[in-house]
Amino acid sequence: MPLSEHEQRLFEQIERSLAEDPKFASAVRASDPRFHARRRLLVAAGVVVVGLALLVYGAVIKTPPLAVAGFVVMLAALGYAVQSHRRSQSPDLHVVGGTTTRRRPRGRAGGRRPSLLDRMEDRWRQRPEGHR
């Protein structure tokens, strides 16, 4: 339901007053989902470097369990980085009052690919009525 002109003016006035409040701006900036996604990627990159160091150190001192542990740490950190990157690309992440634009995939209107369960549910709903 669209807002009336009076409601729109009030909304714009509130928006302007909130934008001028430095305490509110810092709170919104701290809760920016892109900031957290970027931080998770940097942490994952650091852990990958630590895992690589463990792998090399374990190979140099000829301790296979240490080298394997380094590889596992690297693999887990890479998995975490990929997961964080996918979450950061989610279309439902947006900044309050942000001016950035997000490039959306061209394929679907929703911007995200449906999961296997979503596709199965769609097929189930679209099945002919006589089949059970």
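Tutor: Let's start with helices: a helix here is a DSSP run of H or I with at least four residues, and helices are numbered from the N terminus. Tyr-57, for example, lies in helix 3, residues 33-60. Keep in mind that this is a predicted model, where local features need pLDDT of at least 70, side-chain atom pairs count only at pLDDT 80 or more, and totals for chains, interfaces and linings use all residues. Residues are numbered from 1 along each chain as its sequence is written, and side-chain values use heavy atoms, with hydrogens and water left out.

Student: Which residues form a nonpolar patch on the surface?

Tutor: Patches are made of residues with over 30% relative accessible area and no salt bridge; nonpolar side chains (Val, Leu, Ile, Met, Phe, Trp, Tyr) are joined within 5 Å, and like charges within 9 Å. Areas come from the Shrake-Rupley method with a 1.4 Å probe, and for residues only the protein chains shown count as cover. Here, Leu-52, Val-56, Tyr-57, Val-60 and Ile-61 make up the patch, with about 480 Å² of accessible area together.

Student: And how many salt bridges are there in the whole structure?

Tutor: A salt bridge is a side-chain nitrogen of Lys or Arg within 4 Å of a carboxyl oxygen of Asp or Glu. A search of the whole structure turns up 2. Glu-121 pairs with Arg-125, their closest N and O atoms being 3.4 Å apart, and Asp-122 meets Arg-125 at 3.1 Å, N to O. That links Glu-121, Asp-122 and Arg-125 in a network.

Student: Why are Glu-121 and Arg-125 separated by about one helical turn?

Tutor: Because they are 4 residues apart in helix 5, residues 116-125. As for accessibility, Glu-121 is partly exposed at 41%, Asp-122 is partly exposed at 35%, and Arg-125 is exposed at 57%.

Student: What does Ser-84 touch?

Tutor: Contact means heavy atoms within 4.5 Å. Ser-84, in helix 4 (residues 64-88), touches Arg-40 and Leu-41, not counting residues up to four places away in sequence. Ser-84 counts as buried because its relative accessibility is 2%.

Note on methods
Helix = DSSP H or I, 4+ residues; strand = E, 2+ residues; numbered from the N terminus. Buried < 20%, exposed > 50% of the residue type's maximum accessible area, 1.4 Å probe, protein only.
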